[in-house]
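Colleague: Can you take me through this one? I'd like to start with the charged pairs and then move on to the core and the pockets.

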Amino acid sequence: MAKQLLLAAFLLSSRTLYAQSEQESIKLIIDDTKTYQTMHNFGASDAWACQFVGNWPADKKNRMADWLFSMDTTANGQPKGIGLSLWRFNIGAGSLEQGAASNIADEWRREECFLKPDGSYDWSKQQGAQWFLQAAKQRGVKYTLGFSLSAPVQMTKNGKAYNSSGGTALNLQDGKLGAYADFLAAVTRHFGFDYLSPVNEPQWSWGTATGANQEGTQATNEEISAFTRLLSQRLTGTTSKIVIGEAGQLDFLYGRNTDNRGDQINQFFNPASTNYVGDQPNVAHIISGHSYFTTCPDNNMINVRTQLQNKLKQVDATLEAWQTEFGILGDICGQYNGSPRNTGIEYGLYVAKVLHHDLVIANMSSWQWWLAVSPYNYSDALVYINDPSGAINVANTRTDGVVLESKQLWAFGNFARFIRPGMKRVETSVQGNNDPAVAAATLMISAYKDETAKKLVVVMVNPEAKAKKVQLEGPVGGTFNQYTTDGNNNLKRTQAAANDISIPGKSIVTLTGTYQ
């Protein structure tokens, strides 16, 4: 037995030494003098679960809030949360009060409305969501954004919070555009939102006469433009800014305008366009879109984001681009799928890969997740809740349950926690190969600087099982804090010398240090 143990130990040691010797050595050059976009925020949405979990027992909802918002650390420097810098609040249209008559079968996807049928406001509605909004502010989240999926049901053509027409027009009664603007402005003023997003994914159809999965409506570019102008007037005297776009796919931002619901960069921010709103005082100089359905294969992901960036340069090089909704949705080239729920490192790596390309190829200055919390057997959340027994059972999680983390959460944290508002992305290059298609399959790297504090953040995504060695070159400090998310760790804090950084296989690593 002793000989067998010695042999096993020898073989294990030999394998370890062999693996170390096989580690690829990479020379990373950082040029802090060449800068790109200034980062604005990383965020997530309260839809739909926060309306319920905001009323859960205090210890559990605080744990969720800490994971999402906290910038605190434990005694050994381990992060308690991912430090989101923006929180999205879903401004409901009243489908929850309608109950089954809303034709939205799942009560978790219905929302209350602050506006009562008599025209007065009830600010006690959406209590659970309001709890998370306050929890975000208490933990230092810098920005808040209110978003609307539908006009209040008393204003819509069909009396529902979704558009059953099958057409392209906004689900709103004639003459009610001003009233809808008044409603959104009132909610924005009440909560002091920094940003307001009035129309979401106008390119998709949101239901049929018999039902829908959630609140939502189609809208044309002309309608969005007219609505935005009214909203800008209603927000006079506030610092709140309107963010438009929310395109269902990124390619609607630069093309796909066959039914006047695409080409949004040109439509809204080209002064020659009849739908131009870039001159409106409360309109942010930002176009927003969603990264769904454009992430595979790698050459398509790169091509879509390259075209987006080219369109921005062509129309207005100063226009910011925000990625405002993403989650793992549907079948993704047979490699990932929304169903069933998967919270492992492969899905965390996929999230990091999309993040990298949106920041580095598309130059996004904001990146926002969709469902922050979810009870579903699906892979599009950061934090998950099961019923009190630990089972995935949506109906039984309304008032209490089990709180679960995911690798999607912590992989997002490798970016959101450390790349803070106001940082600038800087040039990185790998000696020998800087082809983005090669990087997508081997090692994706981006870097960011805080010019005031002389702080440097480097994020590296290694999708391969093979570990890698990296040497930093440039005006960098000697020692970095290293935060690693892999199959066994969530933002695990260690230290590394700039000339000797170990990147484990299948991991996301963030380095924080200084530059000269």
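Colleague: How many salt bridges does the count come to?

Modeller: The count is 17, in what is a predicted model.

Colleague: What do Arg-88 and Glu-246 do?

Modeller: Their side chains meet in a salt bridge, 3.1 Å from N to O. Arg-88 is in strand 3 (residues 86-91) and Glu-246 in strand 6 (residues 241-247), so the pair ties together parts that lie 158 residues apart in sequence.

Colleague: Are those two buried or exposed?

Modeller: Both Arg-88 and Glu-246 are buried.

Colleague: And Asp-251, what does its side chain meet in a salt bridge?

Modeller: The side chain of Arg-256, at 3.4 Å, N to O. Asp-251 has a relative accessible area of 15% and is therefore buried, the cut-off being under 20%. Arg-256, at 41%, is partly exposed.

Colleague: Which residue does Lys-506 pair with?

Modeller: Lys-506 forms a salt bridge with Glu-346, and the closest N and O atoms are 2.8 Å apart. This pair links distant parts of the chain, 160 residues apart: Lys-506 sits in the loop between strand 20 (501-503) and strand 21 (507-514), and Glu-346 in helix 11. Lys-506 is partly exposed, with a relative accessible area of 26%, and Glu-346 is partly exposed at 35%.

Colleague: Which residues are linked in a network of salt bridges?

Modeller: Lys-424, Lys-449 and Glu-451 are linked that way.

Colleague: Switching to the core. How many residues has the largest nonpolar one?

Modeller: It has 126 residues, and Phe-42, Leu-68, Phe-69, Trp-87, Val-373 and Phe-412 have the most contacts inside it. Helix 11 gives the largest share of this core, nine residues.

Colleague: What does Phe-412 touch?

Modeller: Leaving out residues up to four places away in sequence, Phe-412 touches Phe-42, Gly-43, Ile-82, Leu-84, Leu-355, Trp-367, Trp-369 and Leu-382. There is also a second, separate core of 21 residues, which includes Ile-26, Phe-480, Ala-498 and Ile-501.

Colleague: Now pockets. What volume has the largest?

Modeller: About 550 Å³. Its lining has 26 residues, with Thr-428, Asn-433, Asn-434, Ala-439 and Ile-445 nearest the centre.

Colleague: Where does the largest share of that lining come from?

Modeller: From strand 14, which supplies six residues. By class, the lining of the largest pocket has 13 nonpolar, eight polar and five charged residues.

Colleague: And the second largest pocket, what is its volume?

Modeller: About 410 Å³. It is lined by 21 residues, and Trp-48, Arg-109, Trp-206, Gln-214 and Leu-329 are the closest to its centre.

Technical notes:
Residues numbered from 1 in each chain as written. Predicted model: local features only at pLDDT ≥ 70, side-chain atom pairs only at ≥ 80, totals over all residues. Heavy atoms only, no water. 1 Å grid on protein atoms, 1.4 Å probe; cavity = no way out; pocket = protein on both sides within 12 Å on 5 of 7 lines; lining within 4 Å. Points joined across faces, edges and corners; volume = space filled by probe spheres on them. Helix = DSSP H or I, 4+ residues; strand = E, 2+ residues; numbered from the N terminus. Nonpolar A, V, L, I, M, F, W, Y, C, P; charged D, E, K, R; others polar. Core = buried A, V, L, I, M, F, W, Y, C linked by side-chain atoms within 4.5 Å. Buried < 20%, exposed > 50% of the residue type's maximum accessible area, 1.4 Å probe, protein only. Contact = heavy atoms within 4.5 Å. Salt bridge = Lys/Arg side-chain N within 4 Å of Asp/Glu carboxyl O.
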